Amino acid sequence: MLPADIPALIGRLPLFAHLTDAQRVTLAGYLRWMCLPGGQYLFKAGEVAEALYLLRSGSVGVFDGPTHLIRQVAADDCLGEISLLASEPLRYNVRALRDCELLRLDRHHFELLIEHHPRAMLGMARQAVDRLIRRERNVEPPDEPRTFAILPVDEQVPVRGLAMQLAQALEAYGSCQVIDAEHGANRGSDWFAEREAQVRYVIYLDSTGSAPWRMRCLRQADVLLLPALAAQPAKLWPEAAPGHPARVRHRPRHLLLLHPAHRVLPGAARRWRAQFSGELHHHHICGENDIPRIARLISGHARGLVLAGGGARGLAHLGALRALREAGHDFDAIGGTSIGAIIGAGVANMWSVDEMMRVYYEAFVRGKPLSDWTVPLVALTRGRRAAIMLRRAFGAIDMEDLERPFFCVSTNLSGQGRVVHRHGPLWLWLRATSSIPGILPPVLHHGQVYVDGALVDNLPTDVMADDGVAHITAVSIRADIELRAQTEEFATPPWWRLWMRQRRGTGWPGLVSTLTRAAMVNSEETSEHCRARAHLLITPPLEHVGMLDWRGWQLAIDAGYEETLRVLEAQRGSAPSMP
């Protein structure tokens with residue numbers, strides 16, 4: 001016998017919103033309840049759906065291949081309706097991410113509904129087609145996770161306070177309830193489905209180490225939160241052991257490292273991450289102010305910052321950051337390319353704007369990292385001064401030691417193309433992402449050759465969006481790549497004639513200008529696409545600053561500051577007024 005809330009569930013689904021109350025009761029009579037354990041397939045690619053499914057509780061994943069998750073479907077949604085209507089094979093695999101309750105409408109009863117209520121079912125078909133179009137255009141918002149399991153590595157981790165603070169932070173986006181073993185042990189699936197239907201978020205908390213309750217938390221969770229004391233010796237989680245059920249379910253895993261003394265312990269993230277295989281996010285908790293940031297990241301409400309490359313023009317990022325911080329903007333994740341990555345690493349390390357001004361002035365203006373010229377067998381400079389500059393600015397920390405999640409992009413010339421770096425020595429990958437071909441020598445690492453990420457992706461908002469960040473602020477630096485010539489030439493003249501022409505400003509484009517602009521050409525089309533993915537886009541006018549004109553640092557900073565103020569003011573002016 002079906003629960004009494006089924007007509008109400010049908011009414012909540014956009015696919016059936018146009019049905020009358022009587023039609024919903026008729027539909028409810030055709031539905032059959034079923035349970036789908038976590039990890040089990042509902043559909044496999046190539047099959048034709050023989051039923052439509054209403055997801056009452058739980059969550060399922062849509063996979064391209066065995067492991068690539070492209071979409072998560074939460075409760076109060078439908079599955080299989082497009083294949084059922086079109087009798088076309090399914091393109092993707094669909095399987096339960098955790099234990100699910102579904103209501104099945106067989107093809108026979110579906111066709112009965114069409115026969116008895118043709119106008120109502122026509123509306124359903126239109127809804128399904130509209131949904132398909134939005135998916136194909138990639139404009140359908142992803143479903144947000146709704147249930148979280150807090151599974152500490154051992155009983156020494158103070159997880160109850162963490163759970164309560166996290167629940168309070170999640171309340172900003174919807175009601176939240178914490179369920180522990182005392183309230184949830186020995187309950188049936190209906191009880192959990194009812195609780196999940198009553199609130200927006202549920203946190204399942206294991207504070208006792210009870211194996212049955214811990215497994216229940218695993219079965220109910222969309223996202224696994226794994227807290228540990230950062231200072232303790234790292235050890236294996238039970239859920240990370242070979243053969244454990246948690247390993248076969250594709251769900252986000254977040255390692256939460258609780259640090260003493262309100263500062264990140266260098267190397268702790270690397271030690272603890274080594275206990276896991278597969279995809280894993282990690283977050284540093286140095287104080288209670290970190291909890292709201294983690295709540296935003298795990299629930300799909302995070303704010304990200306992406307900074308583009310652009311040589312000396314990239315110092316405009318500093319002015320943009322000052323204006324953004326004065327306006328109260330804070331960021332939960334940071335990424336960038338070339339100098340955008342270098343400045344973004346300072347943001348991720350929680351430096352103040354004044355501290356970044358001081359560090360980067362010393363590094364780029366006074367430090368002159370491109371002044372160790374050499375015989376250009378590999379590049380115009382040796383790259384040693386640039387490496388020393390980055391080591392001096394950031395020390396020997398790993399990327400994992402930054403307080404905020406951070407990535408940078410380089411170009412792998414050994415066949416991989418674009419590479420996104422999130423782990424390893426920070427200074428090394430900052431050196432790689434800023435290696436302008438021909439000016440700085442490439443970074444050689446484990447037999448691979450890495451150069452400037454601007455060759456393939458100068459504004460990696462796509463990487464940030466794929467991380468599930470809901471709102472992206474991007475600062476784009478245009479390269480002005482159109483070099484102009486005033487003579488018709490195919491070979492350089494004798495050096496003395498070339499020198500005279502260069503002095504008159506009628507000669508060939510300079511070697512450095514040619515190399516820097518050539519490094520940006522291939523990424524311009526990509527950058528246009530990536531600029532469109534930013535929710536707040538800032539593009540300072542920097543025609544008056546050369547790509548390697550470090551002496552114009554203040555002009556670049558001022559341009560970034562003034563343009564950001566203008567964009568923020570325009571955004572406030574276009575925002576709808578509050579009633």
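This briefing looks at charged side chains and their partners. The model is predicted, so local features need pLDDT of at least 70, side-chain atom pairs count only at pLDDT 80 or more, and totals for chains, interfaces and linings use all residues. Residues are numbered from 1 along each chain as its sequence is written, and side-chain values use heavy atoms, with hydrogens and water left out.

**Salt bridges**

- Side chains of opposite charge can pair when their charged atoms come close.
- The structure holds 22 salt bridges (a side-chain nitrogen of Lys or Arg within 4 Å of a carboxyl oxygen of Asp or Glu).

- Arg 24 and Asp 21 form a salt bridge, with their closest N and O atoms 3.6 Å apart.
- Both residues lie in helix H2 (residues 21-30), three residues apart, or about one turn of the helix (helices are DSSP runs of H or I, at least four residues, and strands are runs of E, at least two, numbered from the N terminus).
- Arg 24 is buried at 17% relative accessibility, whereas Asp 21 is exposed at 57% (buried means under 20% relative accessible area, exposed over 50%, partly exposed in between, with a 1.4 Å probe and protein chains only).

**Pairs between loops**

- Asp 222 meets Arg 98 in a salt bridge, the closest N and O atoms being 2.9 Å apart.
- Asp 222 sits in the loop between helix H9 (211-220) and strand S12 (223-229), and Arg 98 in the loop between strand S7 (93-96) and strand S8 (100-106), so the pair ties together parts that are 124 residues apart in sequence.
- Asp 222 is buried, at 1%, and Arg 98 is buried too, at 2%.
- Arg 98, Glu 196 and Asp 222 are linked in a network of salt bridges.
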